[in-house]
Each structure stands twice: as C-alpha cells, then as structure tokens.
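Please look at the arrangement of the parts shown here before reading on.

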Amino acid sequence: MAENLLTLSGVHTHIGPYHILQGVDLAVPEGGVTVLLGRNGAGKTTTLRTIMGLWTASQGGIRFGDHVITKLSTPEISRRGIALVPEDMGIFTDLTVAENMILAAANGPMDPKRLAWIKELFPPIGNFWNSSAGTLSGGQKQMLSVARAIIEPRRLILIDEPTKGLAPAIIKAMTDALKELKETDTTILLVEQNFAMASSIGDTVAVMDDGRIIHSGRMDELVADVALQEKLMGLSLEAHQ
Amino acid sequence: MLTRLLSGDTPRSGLLTALLLIVLISLAFAPFLFPGTKSLETAARICIFIVLVASYDLLLGYAGIVSFAHTMFFGIGAYGTALALSTTGPSYGALVWGTAAGAGVAALFALAIGLFSLRVKAIFFAMVTLAVASAFAVLVSQMSWLTGGEDGLNYKIPRELTPAFKLIKAKVFDVSINGKILAYYLVFFAAVILFLVMLRIVNSPFGRTLKAVRDNAFRAEAIGYRVVWYRTTATVLSAVMAALAGSLLAIWLRYTGPATTLSMEIMIDILLMVVIGGMGTLYGAVLGATLFILAQTYLHYLMGVAAEATSAVPVVSTLVAPERWLLWLGVLFILSVYFFPTGIVGRLRAGRA
Amino acid sequence: MSETAIKPRIEKIPLKEQLAQKLPVLLVPVLAAVGLIAIGNPASWLTLTVAGLAMGMMIFIMASGLTVVFGLMDVINFGHGAFVAVGAFVGFTVLAWLAGWTASPSVFMNLTAVLVAILAAMLVTGLLGLAFERVIVMPVYGEHLKQILVTMGGLIVAQQMIYVVWGPDELHMSRPEALQGSLVIGEAAIEKYRLVAVGIGLALFLGMRHILKNTKIGLLVRAGVENGEMVEALGYRVRRLFLIVFMTGSALAGLGGVMWGLYQETITAHMGSEIMVLVFIVVIIGGLGSVEGCFIGAMLVGLLANYTAFLAPKVALISTIALMVAVLMWRPQGLYPVVKAK
C-alpha cells in the first residue's frame, strides 16, 4: 500500500459541552478512495470538519503529507491542497454557477482545460453556467459542490455523503464522476451511508462508532466478509442497499 | 429566617456580605448618619436606582436580553404617578392608582414589544427597543399639553410626605422628623421590598428556567420550554419593576420630566451600573448603583482636584476634567465586559473560592 | 454520462414569488404617490420629495456598512454612530482650515474643499474602524450580548473623546458658497445641497452594487454573508475580508457624518447616537445584512419623515417607527431577508 497522505492520531474534538470525537486514529493512503462508514451520529462529519479546521481538535494530531496541520486555520489547510464538499453542499445560492466556480479557483483564473473537463464530467455546470445556483436541483447542486472542489488540482478531497437524498440515476452519475476523478491522482476521503456505492469505488475503508474508528482495512476484504459487515454495522447497511 | 427572606440566595462571600450590610445600614439610617439635604437626596436616589438597576439585571443578567427601553418603562411609571397627582390633586388615592396605572401601561407596552420582537434575535430586540424608546421620549416632550413637554410636571404630593409636615416636635439625634424623612422611608422600604421580591423571582423555578433559556435557547426549546413566553414574561416583570421605581422617583422628587426619567444618558448609566456591579447577581445592582451614584455625586469633586493639579499639562487636564468622568467609566465598562463579566460581585465571590 | 440521466432542469419561479421579490421596490414610488395625494401641492411635494431622497441617501450611506458587517460576521456595532460623529467633526476641522477655499466664489474650489474634507473624514474613520474592530469587536465575536455592551461602551468613549478634542459645545458647520441656496424649478424651491446629496448617494449605491456583483471581493462578501465557513474552506480568510468591510463601513459612516453635518449645519458629539435610531430602523426594515433592502428602507424612511414633518410635524419620528412595525408585520425579517446557510 502507498504511503499515507493523511494521518489522524488520537484526535479528540469537543463541540460546546459535547465530546464528539473520542480518539480517532485514521490513515488515508495516498491515491485512491478511502470510505468512512458508520451510523448517524458516529462522528463522520465531525471528523471531516476537524481535518478541515472548521472544528479544532482539543487533543491529538493531524498530519497531512510532511506537515502537522492540527492547529492551522481553515484557509491555510485549504491552501495546502485539501478541499471539502460538505454535507449541505455549501453552495452560494445567491451567486451564479459561474461565480461559485470563480470563487472556488482561489489561486487565480480558472484553467480552461480543467474547466472543460469538469463540464464534461458534469454537463449541468456548463448548461446552467450563468444561472443562479439557488435554482439548481439537489443533484445539480451536489455536482457543483464537487466541481468547486476540483477546479484546482487538489491532493485530498473530503466528500460528505454526496448521494444523500439523490435519485438513483443521479447517484450513478455521481459515482461515475468520482471513479473518473480517482484516475487523476487525487486522494478522496468519502463519507457514505450507501454501502453499494461505497463498496463500488472504495479501496480502503474505516468504520466509525461513538467517536472512534472501530475497524479499518481493505474494502474488498470487507465486501467479501458478510459476517464482519453484520458485526460492524448490523442491519443498518442492509437498509441502504 | 434571614435566608428565607433572601430566597436562599445569600451573598456567598464575606466581603460582599459586609459591603451589602454597610450599604443597607447606611441607607436605613441615612437621615441620621448623614444629615443634610444633599446626602438625603443621594441616599434616596441610590434606593430608587437599586430597584431600577436590579429590574434591568432581571432582563440582562438573568434572561440575557439587551433592552434600551428600560428608561421608557421607568418614565411610564413616573409619569403615571405624576399625572395622577397633578390632575386629581395630592391624595393617597391618586398616588396609588397613578402608580398602578403606570405599572399596567408599562406591562402592556413590554408585552407588545416582547411578543413582537423577541421571536427573532436578541440583537433585533436591542435595536427595536432603542428605536421605540427614543421615539417615546420625543413623543413625551412634544405632547406638552399632557406631559408639560421638556419642562416636565411639578405637582404636590400628600402633605404628610413634605418637609412642611412635622411628625414629632422633638428632634431625634439632632434631626427633625419631618415629612421629607417619612417620604425617604417610604422610598427606602418600598425599595427593600421590591428588591426582595425580585430576589424571590430569580430564585423561583421561573427564574431558573430563565437562566436555562439564556444559556441555551435552542436546547430549552427542544426540551419543550416556550422560550418566547419566558422571555416576554421576564420583559414584562422587569418593565413593571422599572415603572414602580419610576413612581418612587416621582414621589420623591415631586417633579417628573424627560431629563430625569427618559433620557438616553440614564439608560447608559443603568447599563454601566449593571455591568460594573455584576450581571445576573442582583446584588451587583446594589453595589453598582451605590458606587455609581456616589461617584456621580462626589467623584466630580475629586476629579476637579485632579484637573486642578494637572492644569499645567494641557491634554491630561482635559482628560481628567470632572465632566469627563464618563470617559473613564466607559473604559472601565469595556474592560469589565471583557475581563470580569460578572462584575464586582463575581470578583468578590471568586475571591472567596 | 448520459444527458438523460441528469436531465437539465431549472426550477421555474412562480409569478407570485417573482412579484413578491419586486414588491418592496414598488413601495418607494407608491409612498411618493401617496405623499402627492396627501400634500396636494405639487411644488411642495417636489421640494419634500427631494429632501426625503437626500435624507434617505445620507442614511443609506451610514447604514450600508452596518448592514454588511452584520451580514458577514453576525456582528452588530452599536458604536457605529461614533464614526458618524467623528467624521462630521473631522470634516468640520478640515473645512475650517480650508476657509479660504470654501468662501471663494469658484465652484471648483468649493467642491474641492468638500472633497478634501470628505476624504480626510473617511481616512480618519476608516482607521478608527480598524482600531475599533481589533480592540473592541474582535474579542467578542459570536457573543451578541457582549457585542452590544462592548460596542455601546466604545460609543461612550468615542463621544467623550470628541468632547476632549473639540470641546463640549455644538459647532456650526456652514456649507461652501456653491452649495448654499436653492434652485427654483417652477414653483418648487430645491436646495442645491440636497441635489448633491442625492447625487453622491446614488453614485455610491450604484458603485456598491457594481462591486458586489462584478468584483471578486464583492462575490466573496456576498458568499461570506451566506456561508462564511464555506468561503474559508475554499481558502479565503474571512476575518481579513471582514476587517476590510468593517473599515469600509466605518469610512462610509464618516462620509455620512460630513454630509449630515453639512445638511443640518450644526454638529454635536451626540449626533451619532441620534442618527443611529434612524439607521437601525432602516436596517431592520431592509432586512439585516441586505444592501438593497437597506437602500429601499432608507428611501422610505427619508420620504416618510419629510412628508409627515410637513403634514403633522409632531408625529415625524413616530411615523418611521410605525413604518417599521408595519413592515415587520408583513415580513418579520425585513423587506429582503438574507439567506443564511446555518
């Protein structure tokens, strides 16, 4: 396995009076897709937000590449090459699709080649280029959110439940796009509840419960081991299939 | 017995207890300890402001709501009593119904403003009350046919409460017991009772829920408390208390005008007294009001001396000029919000622990 | 990926909603028309309307910074009025230095003097804004209660400092020669200065709109108002953006102060807190955080205040409160509620 791009060791995060992450140890290998699974409230979203610096870890360390990023501010973390596609998509609905993309290219004008590739990946981006982002449908907003994250080359993309509440056809489109993105040397840390989707693109997997990682390993091993699936996630996975 | 009188909410600090006792004893025997018109005026003002500031603390400290309309309620109470006395003559009946009417109107206003603007955000309420209170002040000064405009109202109060009335011929400790002293004790005992009532309110289940709402409105709502209802009730209670304090002022001064009741300066003073004394403690109101009014009355003199002493240094002498004492209070105010948000009382209590 | 899988679909906005969007804009001409009927005399109406628009423009200038600052960082600055007052006093001092220019018959010299005064006032209040943000506002981000208290404390200190620097008396601030007197159009007399105020206000509004719609910093401000966290996640420092906006807002308040001073021709240390009442009403009417709403609110308040001052002088301030109450009954979050992601 390749060297780890991102390593969390013993990360604790408090939000107000609540102790959400209680010692998360997570390694994300360079290249490929790591899937973070777990039931609602297990701390998946908090893990992503802590990596991004939107919450600060009260204990433990986060290493990205050769640097420790635990105490860096969100913009600094972003500029080191991590992008976030949040659960609520974080679309600026008051702005047009084009304006959303312009802001996403924080380091200057957009690379036309990259933009063309994105428009090919997600046709609605091109189709609604000058429309207000607030008028997009849920699936289109999700595409825009991912498009923003990849308009500049990134080393790591954190994606929080990209298929939540989407129609099956759009889930398929999103899965295809992520598969194509995987081919471009970008590392993805994906939070997903949909096990079918997760197992189709994941290379490694980590399972969370109660603010800790309770299992990590190769995705194909987990897929093959139904007993382990049951043990880790019980019936909750079945419900999503 | 004493603990019950204080609703179980004791000062919880030796020094604080001592200070409060000094204030209480000084006020209780003010006519004898500090004879003279000026000191009696100061003592009465302190009593009235303790009630006014404590009623504001009910809102700011316990409910976490910032209102800029507190002087409006204070003024409504004062004008209620003043109008009753000036239109129907100096009877006790007029005094009572005027006071009751003032408190009633204040409650209605508070209810309306509360229901109207407490739904949204604390910040919104602060802005709305600021606008409404200043409009009210303008309205009062313009309706001169009713309120006497900028000049205000002068009126008579029942004769037994005026200096002309002598209770007993003999002097007690060299002080003649006249109606003015009776009026002082009316103010004093009313203030003590109102303060104890407020202490009871904040230590009741209602008061505790109010604090829960203040600390986490979202959670309180989730548990099932009707947040708007609690906040509005707090606003109404605090308005009624402020109106009663206004009535006391109207009785004491025998004069009611915009400058003594409605001005923004008084609003700022109240804010300073609560924060410097200690938000959310009620006892802070006692210390805040006492220190502030003593300073207002006597610090001028001290700063005058300082200005005199530094008159050779141009900038410094303007900075310590007696008129500039608000500048230093403003700085103290900002510092206390940052560094000791629980004010003097909080400091004293922490010091003990 | 097939085109059919993700059928392009754009949600049509129903006509009713579109109308509701435009409705607040229509309020201004409606109010003007009602004013015309109530006043009867077209000449007086024209005079009052220009006066109302001028007043509205000045309030807008002072209020715009406040509303954007709120939208971006959820910070409301109760000390904003201090910048208005300081701006007016700095403007006064500069105009006093340039007495030769303001008294000169040359229109050019007159206007240059005003421009220099405005720039000086904006520079001073902008820097004051920097200090205010760093010292007073920054330690209490996210704590509304403390924010209100601390900024109020800042206002007290600033007003007292004005007393220290300029003395306790109110000062007379006279307009330069070219801006005195009125133009007579038909039977209506329109003060020249009011036309200038309308011009400056309109130019500023259009400029601000342009910046917000067409520049990257404007896009960042709008995006930040909606979702500051996401702007940070894209790699921008919202704090720094906020500081720029705060300083700009303070400088605009200073500009408004000079203009208001020249309009009233007297200035006092308390002028800021008096105007703040109108500014707050406008910001509430417009919807906290909305520049367009703030503009419309300012026009409505300016017109209404002038019409009622003519028709029933005693209820002028009450009428604006009544307007605020009416608007809030209709739209509890103001005319243009700002979309917040959280």
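What distance separates the centres of domain 1 of chain A and domain 2 of chain A, taken over C-alpha atoms? The centres lie 25 Å apart, where domain 1 (1-81 + 155-165 + 186-241) and domain 2 (88-153) have bounds that come from an automatic or database domain assignment. This is a predicted model, in which local features need pLDDT of at least 70 and side-chain atom pairs count only at pLDDT 80 or more, while totals for chains, interfaces and linings use all residues. Residues are numbered from 1 along each chain as its sequence is written, chains are lettered from A in the order in which they are written, and side-chain values use heavy atoms, with hydrogens and water left out.

The contact (heavy atoms within 4.5 Å) between the two domains of chain A takes five residues from domain 1 and six from domain 2. The buried area, which is the accessible area (1.4 Å probe) lost by two parts on being put together, summed over both, is about 420 Å² for this pair of domains, with 54% from carbon and sulfur atoms. On the domain 1 side, R79(A), I157(A) and P162(A) supply 71% of the area buried against domain 2, more than any other three residues.

Between chain B and chain C, 41 residues of chain B are in contact with 43 residues of chain C, and about 3,500 Å² is buried, 83% of it on carbon and sulfur atoms. In chain B, I123(B), M127(B) and Y338(B) lose the most area to chain C, together 20% of what that side buries.
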